[in-house]
Amino acid sequence: MKWQEKRATVRHAAELPVRYRVLGDGKHPGGSLSLAVSSERTKDISEAGLLFLSSQSFKVGVLLELRIPLGGRVFLLEGHVVHSNRDLESGFFRTGIQLL
């Protein structure tokens with residue numbers, strides 16, 4: 001069986017700084033669960049989502065606010081965690097986000 005890409009948009013390899021905070025747990029959207037901001041780096045990005053390495057694991061459905069500085073601007077995004085799996089090589093969690 002031949003592998004087929006399921007994504008509708010092309011992902012671009014991009015290591016960019018990203019700061020995030022948890023906005024909701026997927027069950028109670030709208031309430032901020034964490035005011036703490038953590039800094040990580042993206043691995044790839046597309047129109048529909050991004051992947052970043054995180055020092056913490058997230059449950060599927062958690063809502064994050066993401067801030068990505070690029071070209072003198074800061075892009076503010078929100079998205080839901082679609083997966084968060086430990087990367088054996090780095091020890092970090094490969095965290096996939098579907099942007100809203």
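# Strands, core and rings in a predicted chain

Trainee: How many bridges join S2 to S5, and in which sense do the two strands run?

Mentor: S2 and S5 are joined by five bridges and run antiparallel. Two strands pair if DSSP finds at least two bridges between them.

Trainee: How many helices and strands does the chain have?

Mentor: There are zero helices and seven strands, giving the pattern β-β-β-β-β-β-β along the sequence. Helices (H or I, at least four residues) and strands (E, at least two) are DSSP runs, numbered from the N terminus.

Trainee: Which sense does the pairing of S2 and S3 take?

Mentor: S2 and S3 (residues 38–45) pair in the antiparallel sense, over four bridges. Within S3, Ser-38 stands opposite Tyr-20.

Trainee: Changing topic, what share of the chain is buried?

Mentor: Buried residues make up 34% of the 100 residues. Buried means under 20% relative accessible area, exposed over 50%, and partly exposed in between (1.4 Å probe, protein chains only).

Trainee: How many residues are in the largest nonpolar core, and which have the most contacts inside it?

Mentor: That core has 15 residues, and those with the most contacts inside it are Leu-50, Phe-52, Phe-58, Leu-64, Leu-66 and Ile-97. Two or more residues come from each of S2 (17–24), S4 (49–54), S5 (63–70) and S7 (93–99). A nonpolar core is a set of buried Ala, Val, Leu, Ile, Met, Phe, Trp, Tyr and Cys residues joined through side-chain atoms within 4.5 Å.

Trainee: What is Leu-66 in contact with, leaving aside neighbours within four places in sequence?

Mentor: Among its partners are Val-18, Tyr-20, Leu-50, Phe-52, Phe-75 and Ile-97. Contact means heavy atoms within 4.5 Å.

Trainee: How many aromatic pairs does the structure hold?

Mentor: It holds two. The rings of Tyr-20 and Phe-52 have centres 5.4 Å apart and planes at 40 degrees, so this pair is tilted. Tyr-20 lies in S2 and Phe-52 in S4, 32 residues apart. The pair of Tyr-20 and Phe-58 is edge-to-face, at 5.5 Å centre to centre and 75 degrees between the planes. Rings of Phe, Tyr and Trp (its six-membered ring) pair if their centres lie within 6.5 Å; planes under 30 degrees apart count as stacked, over 60 as edge-to-face and the rest as tilted.

Trainee: Why does Tyr-20 count as buried?

Mentor: Tyr-20 counts as buried because its relative accessibility is 3%. Phe-58 also counts as buried, at 8%. Ring pairs link Tyr-20, Phe-52 and Phe-58 into a cluster.

Trainee: Last topic: is Asp-44 buried or exposed?

Mentor: Asp-44, which lies in S3, is buried, with a relative accessible area of 18%.

Trainee: With which side chain does the side chain of Asp-44 make a polar contact?

Mentor: The partner is the side chain of Arg-11, at 2.7 Å. A polar contact is a pair of N or O atoms within 3.5 Å; within protein, one must be able to donate a hydrogen and the other to accept it, and residues adjacent in sequence count only if both atoms are side-chain atoms.

Technical notes
Residues numbered from 1 in each chain as written. Predicted model: local features only at pLDDT ≥ 70, side-chain atom pairs only at ≥ 80, totals over all residues. Heavy atoms only, no water.
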